[in-house]
Amino acid sequence: MITARTLRAAALCAVAAHAAPVVSTFGPLRNRVLPRLAGRGRPGHVALTFDDGPDPSSTPHFLRLLAEREVHATFFLLGDQAHRSPGLVREMAEAGHEIAVHGWLHRPLLLRGPLGTYDDLARARDTVAAITGRQPTLFRPPYGVMSTAAHLAARRLGLTPVLWTCWGEDWTSWATPASVHRTVTRDLDGGGTILLHDSDCTSAPGAWRSALGALPHILDTCTERGFAVGRLSDHGWPSRDAVPIAPDGSAAAPRL
């Protein structure tokens with residue numbers, strides 16, 4: 001006979017299994033134990049990544065600066081934001097930047113079940129693919145919080161989760177270009193992945209300006225330390241390009 005205690009224990013086990021990957025949110029542990037999830041790549045290279053875009057009021061400023069510096073980056077887009085600004089997404093892709101998925105809405109996946117998680121990622125992936133003509137291969141969860149359902153959904157959708165090794169804490173109202181530069185470069189090393197935000201849709205109003213102001217100094221520091229800067233696809237990862245979309249809307253066969 002199944003008792004209430006047994007049911008409670010089973011429910012607790014299910015919750016624990018769902019939430020177990022949340023330990024990867026702790027940066028020092030992730031960087032040491034889960035280097036691939038942290039975005040660890042070639043020792044002489046640094047991957048530059050941005051979350052939460054695209055935003056017509058802020059993203060073009062980052063695109064212009066990156067073009068001036070001849071640097072390409074990886075942008076983890078929210079599907080809802082991409083749907084609102086498809087022309088901007090195409091501009092980003094045509095400029096040579098790597099387009100990746102940040103989910104449809106910026107909501108914690110830890111609070112979603114398997115079906116909700118899959119639907120969220122699939123909707124975002126398919127929206128980006130329809131706009132750019134290339135199916136994205138990289139995924140970063142909102143808040144950097146993974147769940148078992150997120151890992152399973154990403155695998156089914158052909159998405160590789162990737163977080164970061166250093167960030168700028170540029171989403172706060174008190175962030176400044178100096179504080180963002182200091183915070184990023186404190187933990188910056190060869191093979192690392194930088195997280196910044198090109199939109200304040202989930203941050204303090206105007207917070208993106210602190211990241212934009214810090215970006216030239218971050219790039220200068222990378223140069224001074226002898227690090228090349230680029231996309232995650234330039235970082236020594238197996239998947240170099242997003243998968244082309246065939247005319248019927250399916251993923252085309254990969255190039256060998």
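Confidence to begin with. The mean pLDDT of the protein is 84. Of its residues, 79% reach 70 or more. Two stretches need care. Over residues 4–27, pLDDT stays under 50. The model has 26 contacts beyond four places in sequence for that stretch. Residues 239–244 also stay under 50. Their count of such contacts is 22. Where pLDDT is low, the predicted coordinates should not be read in detail.

Now to helix H5, residues 86–94. Which of its residues are buried? They are Leu 88, Val 89 and Met 92. Look down the axis of H5: these buried residues fall within an arc of 100°, so they line one face of the helix. In general, an α-helix has 3.6 residues a turn, so residues three or four places apart point the same way. What covers the buried residues of H5? The cover includes helices H3 (59–69), H4 (79–84) and H6 (114–132), along with strands E2 (74–77) and E3. After H5 comes Gly 96, with a positive phi near 100°.

On to strand E3, residues 98–101, where Glu 98 lies. Glu 98 is buried, yet it has no salt bridge. Where is the nearest side chain of opposite charge? That is Arg 231, 5.5 Å away. A salt bridge would need a distance within 4 Å. What Glu 98 does have is a backbone neighbour: a polar atom of its side chain lies 3.3 Å from the backbone nitrogen of Leu 232. Beyond four places in sequence, Glu 98 touches Ala 73, Thr 74, Phe 75, Leu 138, Arg 231, Leu 232 and Ser 233.

Notes. Residues are numbered from 1 along each chain as its sequence is written. This is a predicted model: local features need pLDDT of at least 70, side-chain atom pairs count only at pLDDT 80 or more; totals for chains, interfaces and linings use all residues. Side-chain values use heavy atoms; hydrogens and water are left out. Helices (H or I, at least four residues) and strands (E, at least two) are DSSP runs, numbered from the N terminus. Buried means under 20% relative accessible area, exposed over 50%, partly exposed in between (1.4 Å probe, protein chains only). Lys and Arg count as positive and Asp and Glu as negative; His and the chain ends are not counted. A polar contact is a pair of N or O atoms within 3.5 Å; within protein, one must be able to donate a hydrogen and the other to accept it, and residues adjacent in sequence count only if both atoms are side-chain atoms. Contact means heavy atoms within 4.5 Å. pLDDT is the predictor's confidence in each residue, from 0 to 100. The arc is that of the directions from the helix axis to the C-beta atoms.
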